[in-house]
Amino acid sequence: MSTEPVTLLVARRVRNGRYHDFLAWLHEGEQLATDFPGYLGSGVLAPPAGDDEYQMIFRFSDEQTLAAWEHSASRRAWLERGQDLFAHPHEHRVSGIDGWFGPADWRPPRWKQSVAIWLAFFPVSLTFNALLGESLDRLPLLAAVLVSTLVLTPLMSYLFIPLSTRLLAPWLARQPSARPRVDRTAAGRSSLR
């Protein structure tokens, strides 16, 4: 089993006129999850304009704690109560940093992932330091770093990096155009494939 945090991503299309019921149902699910050891947090990403598919994120400390919640009677009852709110749900789980970038067959190259994370981290870190930098300067270095990481890590993990990857999704998904490959034949001639 995995020993790193695991994220369960659930995409659901909310039925017409059921948005407020969906929010209440989601809040109930988040409250249920808080009772389980290993629960790290959850959230919802609203769809872009013109779409109705919401992405719900549930994060647990490892596969084992996620499985305990996922197969619990309380979660099954919660899912049954919400089944008429959605059309065509689907879900998948990811571990570690890959969770921010979607399924394995969609993930962009690491350099694009790094750019997306940096674009989220830089303005948030800059704002945080502009607002609280003087207060943090009065603390010992260890305490200042502890406070900043305690505040920034959840903000980045649950809000700003998912937002950055969603906003940059078209660029992240774009594959470089394929260049012709040069094949050297035994006769020493070059041919393009």
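The questions below cover confidence, aromatic pairs, charges over rings and strand pairing.

Tutor: Some ground rules. This is a predicted model: local features need pLDDT of at least 70, side-chain atom pairs count only at pLDDT 80 or more, and totals for chains, interfaces and linings use all residues. Residues are numbered from 1 along each chain as its sequence is written, and side-chain values use heavy atoms, with hydrogens and water left out.

Student: In which element is confidence lowest, and in which is it highest?

Tutor: pLDDT is the predictor's confidence in each residue, from 0 to 100. The chain has a mean of 77, and 78% of its residues reach 70 or more. Helices (H or I, at least four residues) and strands (E, at least two) are DSSP runs, numbered from the N terminus. The lowest mean is 35, in strand E6 (residues 190-192), and the highest is 90, in helix H3 (residues 73-82).

Student: How many contacts does the stretch with pLDDT below 50 have beyond near neighbours in sequence?

Tutor: The stretch in question is residues 177-193. A contact means heavy atoms within 4.5 Å. Beyond near neighbours in sequence, the model gives this stretch 15 contacts.

Student: Is Tyr54 buried or exposed?

Tutor: Buried means under 20% relative accessible area, exposed over 50%, and partly exposed in between (1.4 Å probe, protein chains only). Tyr19 has 34%, so Tyr19 is partly exposed. Tyr54 has 15%, so Tyr54 is buried.

Student: Which residue forms an aromatic pair with Phe58?

Tutor: The pair is tilted, with 4.8 Å centre to centre and 35° between the planes. Phe58 is in strand E3 and its partner is in helix H2 (residues 63-70), 11 residues apart. The partner is Trp69.

Student: The charged end of which residue sits over the ring of Trp69?

Tutor: A charge sits over a ring if NZ of Lys or CZ of Arg is within 6 Å of the ring centre and within 35 degrees of the ring normal. Here the distance to the centre is 4.6 Å. The residue lies in helix H3 and is buried at 6% relative accessibility. It is Arg75.

Student: Over the face of which ring does Arg12 lie?

Tutor: Arg12 stands opposite Tyr54 in E3. From Arg12 to the ring centre is 5.1 Å. The ring belongs to Phe86.

Student: How many bridges join E1 to E3?

Tutor: Two strands pair if DSSP finds at least two bridges between them. E2 and E3 pair antiparallel over six bridges. E1 and E3 also run antiparallel, and the number of bridges joining them is eight.

Technical notes:
Rings of Phe, Tyr and Trp (its six-membered ring) pair if their centres lie within 6.5 Å; planes under 30 degrees apart count as stacked, over 60 as edge-to-face and the rest as tilted.
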